[in-house]
Amino acid sequence: FSESGVPQLVQPMIWDYAADLDVEGKVRLIEKYRRCGFSKVWFASAFKGATGVNQSLTLIGHHLKNHLQWLKVASNSPADVLEGIALTGWQRYDHFSVLCELLPVAIPSLAVCLQALKNGGYSEKIKENVEKLLGMSNLETETFMR
């Protein structure tokens, strides 16, 4: 496959929005891509819009867990393989579907996910920083924000 020249022209993007994504399976998939000649891969996660076609509020914990799993994939993969991560925020599942949660209700989720990626994990200190940045007094990750 590498003789085709395709691996020099494109970089695969591995998509998974699950809170319990299979870390070992993703690491094996990256190894397969490398054996085919791809030197770089991208990951794709979601900070909103991936938990239900008519979801109106964002469950931050789901998306945070997804990003923490992607961090595990990155740490169990060769250091030079990850080109980047695309944080998607789906607005609807297809052009004929209703809108899922809108950006304003998902901003806390975006902030939590970005901070988790930036800091390589999530802690009480990071939670406090997000609350301060957003001017919030109590950021809920395991229940819907009020």
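**View 1. Just after helix α5, G135 takes a positive phi of about 70 degrees.** Helices here are DSSP runs of H or I with at least four residues, and strands are E runs of at least two, numbered from the N terminus. This is a predicted model, in which local features need pLDDT of at least 70, side-chain atom pairs count only at pLDDT 80 or more, and totals for chains, interfaces and linings use all residues. Residues are numbered from 1 along each chain as its sequence is written, and side-chain values use heavy atoms, leaving out hydrogens and water.

**View 2. Helix α5 (residues 124-134) has a buried side.** Look for I126, K127, V130 and E131, which are buried (under 20% relative accessible area, with exposed meaning over 50% and partly exposed in between; 1.4 Å probe, protein chains only). These residues lie on the same side of α5 because they cover an arc of only 140 degrees around the axis, taken from the directions from the helix axis to the C-beta atoms. Turned away from that side are the exposed K125, K132 and L133. The cover over the buried residues includes α4 (103-119), where contact means heavy atoms within 4.5 Å.
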